Amino acid sequence: MTDFSAFPITKKWPPRHPDRLQLYSLPTPNGVKASIALEEIGLPYEVHRVSFDTNDQLSPEFLSLNPNNKIPAILDPNGPGGKPLALFESGAILIYLADKTGKLIPQEAAGRYQTIQWLMFQMGGIGPMFGQVGFFHKFAGKEIEDKRPRDRYINESKRLLGVLEKHLEGKRWIVGDQYTIADIATFPWVRNLIGFYEAGELVGIKNFPNVQRVLNAFLDRPAVVAGLNIPPTPPKN
């Protein structure tokens, strides 16, 4: 039996299966990176819903695992050296899961670093910029009369899509023929931009056929279909 006594988060979310990796998340573009990767890999895990409605992410227990109060976060009872490992930041979690299992990342050095390169492209560019488009187009920012901030993020999102579009020419996935954590990081955000944020027309998504092609292939994967709804949305009363 794994000793989780050093991890206060397990007091708020007691594990039913303490031998499995514990995932603390929501089905957001960042959250589903971890669930999709876990579904693709087939690694046993137990998911815990971190409800923003009740500010779970600000609770002392969650902050003990991630002081940056963001999802996803994991607690792996079988970490390096057989000891439990707590980890936050979706990109770090993806690299860890790929390294732990030897899946979703090329084993040769050049392919590995190319994958990490595009993972960083998503983390530093696509995620933050697409998120700002969502804020200024769909949420509170849309009430701001000065549209220069909105247009700044729209134009930068178009530029990033253009970079991805050109790179995907003649490729099945971001790193050639191999499906990797770079795809798992990137395409939930593309899906969110044109779906939940309703900004497809705004960024001219029709001008990026390669991006749409690979997005559709991504969404056809059974593990992606499953991972996009983890943890499931509870039924409304």
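Me: Is the crossing of H4 and H5 left-handed or right-handed?

Reply: The crossing of H4 and H5 is right-handed. The general idea is that a crossing is left-handed if the near helix is turned anticlockwise from the far one by less than a right angle, and right-handed if clockwise. Before we go on, please note that this is a predicted model, where local features need pLDDT of at least 70, side-chain atom pairs count only at pLDDT 80 or more, and totals for chains, interfaces and linings use all residues. Residues are numbered from 1 along each chain as its sequence is written, and side-chain values use heavy atoms, with hydrogens and water left out.

Me: Which residues of H4 and H5 meet?

Reply: Contact means heavy atoms within 4.5 Å. From H4 come Ser90, Gly91, Leu94, Ile95 and Asp99, and from H5 come Arg112, Ile116, Leu119 and Met123. By class, the contact of H4 with H5 has five nonpolar, two polar and two charged residues. For these classes, Ala, Val, Leu, Ile, Met, Phe, Trp, Tyr, Cys and Pro count as nonpolar, Asp, Glu, Lys and Arg as charged, and the others, Gly among them, as polar.

Me: How do I read the packing of H2 and H4, and what is their angle?

Reply: H2 and H4 pack at about 10 degrees, with their axes 9 Å apart, and are therefore roughly parallel. Lys33, Ala34, Ala37, Leu38 and Ile41 of H2 make this contact with Ser90, Ile93, Leu94, Leu97 and Thr101 of H4. Seven of the residues in the contact of H2 with H4 are nonpolar, two polar and one charged.

Me: At what angle do H6 and H9 cross?

Reply: The axes of H6 and H9 cross at roughly 75 degrees and come within 7 Å, so the two helices are roughly perpendicular. Leu161, Leu164, Glu165 and Leu168 in H6 meet Pro209, Asn210, Val211, Arg213 and Val214 in H9.

Me: How many residues are in the largest nonpolar core?

Reply: A nonpolar core is a set of buried Ala, Val, Leu, Ile, Met, Phe, Trp, Tyr and Cys residues joined through side-chain atoms within 4.5 Å. Buried means under 20% relative accessible area, exposed over 50%, partly exposed in between (1.4 Å probe, protein chains only). The largest core here has 57 residues, and Leu97 and Phe187 have the most contacts inside it. Setting aside neighbours within four places in sequence, Leu97 is in contact with Leu21, Ala34, Ala37, Leu38, Ile41 and Leu43. A second, separate core of 12 residues includes Phe62, Leu65, Ile71 and Leu75.

Me: Is Val214 buried or exposed?

Reply: Val214, in helix H9, is buried, with a relative accessible area of 0%. Its contacts, leaving aside neighbours within four places in sequence, are Leu168, Lys171, Arg172, Trp173 and Phe187. Val214 and Leu168 are 46 residues apart along the chain, yet their C-alpha atoms are separated by 8.1 Å.

Me: And is Trp118 buried or exposed?

Reply: Trp118 sits in helix H5 and counts as buried at 11% relative accessibility. Not counting residues up to four places away in sequence, Trp118 touches Val163, Leu164, His167, Ile174 and Ala182.

Me: What should I look for in the backbone at Pro72 and Pro231, cis or trans?

Reply: Look at omega: the Ile71 to Pro72 peptide bond is cis, with omega near 0 degrees, and the Ile230 to Pro231 bond is cis, with omega near -5 degrees. Pro72 lies in the loop between helix H3 (60–65) and strand S3 (73–76).

Me: Is the phi of Asn55 positive or negative?

Reply: Asn55 has a positive phi of about 60 degrees although it is not a glycine. At 40% relative accessibility, Asn55 counts as partly exposed. Glu89, also not a glycine, has a positive phi of about 80 degrees, and it is found in the loop between strand S4 (85–88) and H4.

Definitions and conventions: Helices (H or I, at least four residues) and strands (E, at least two) are DSSP runs, numbered from the N terminus. Axes are lines fitted to C-alpha atoms, for helices over the stretch in contact, and angles run from 0 to 180 degrees between N-to-C directions. Angles under 35 degrees count as roughly parallel, over 145 as roughly antiparallel, 65 to 115 as roughly perpendicular and the rest as oblique.
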